[in-house]
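Good morning, and thank you for joining this group meeting.

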Amino acid sequence: MTENRERAATPEDLARLFVARANARDAEGLAELYAPDAVLAYPPGSVTVGRDAIRAVCERLVAHAPLPFVEEEPLPTVRYGDLALTSTRPADGTGGRVQVARRQPDGSWLRIMDRPESTDAGTGR
């Protein structure tokens, strides 16, 4: 991490930070929301593994996605120790967005699995 960006203090912060960084077209900041070995089910039909690969996907996303990204309605978070399952109701009608986050040793949260959509429609965020 090259800049001093806000860290997610709760699993729910990850969605808010994603929207803020996407609107700033900050691909590096988006990638920092993921664990180094995270799995992203995006682009549709693909699996992207690792923060470096996720950064490349985020670079393409912020270069081409229309702004602004909007915060979507969160569904209740489910926690199990240092793991959390978060989800939102997508504004773009793509189905559902689901993420698994893990609490880090410093108390912050990072995404370890992310399925931004459940259909092949939309931009994924």
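Asp 26 touches Arg 5, Arg 21 and Val 62, leaving aside residues up to four places away in sequence; contact here means heavy atoms within 4.5 Å. This is a predicted model, in which local features need pLDDT of at least 70 and side-chain atom pairs count only at pLDDT 80 or more, while totals for chains, interfaces and linings use all residues. Residues are numbered from 1 along each chain as its sequence is written, and side-chain values use heavy atoms, with hydrogens and water left out.

Where does Asp 26 lie? Its place is the loop between helix H1 (13-23) and helix H2 (27-31). Helices (H or I, at least four residues) and strands (E, at least two) are DSSP runs, numbered from the N terminus. Asp 26 counts as buried because its relative accessibility is 19%; buried means under 20% relative accessible area, exposed over 50%, and partly exposed in between, with a 1.4 Å probe and protein chains only. The side chain of Asp 26 also makes a polar contact, at 2.8 Å, with the side chain of Arg 5. Such a contact is a pair of N or O atoms within 3.5 Å; within protein, one must be able to donate a hydrogen and the other to accept it, and residues adjacent in sequence count only if both atoms are side-chain atoms.

Let us turn to H1. Its buried residues are Asp 13, Leu 14, Leu 17, Phe 18, Val 19, Arg 21 and Ala 22. They pack against H2, S1, H3, S6 and S7. Just after H1, Arg 25 takes a positive phi of about 55 degrees.

Finally, consider Ser 87, which lies in strand S5. Is Ser 87 buried or exposed? Ser 87 counts as buried, because its relative accessibility is 15%. Not counting residues up to four places away in sequence, Ser 87 touches Glu 73, Pro 74, Leu 75, Arg 97, Val 98 and Gln 99. Ser 87 and Val 57 are 30 residues apart in sequence, and 20 Å separate them in space, C-alpha to C-alpha.

Thank you for your attention.
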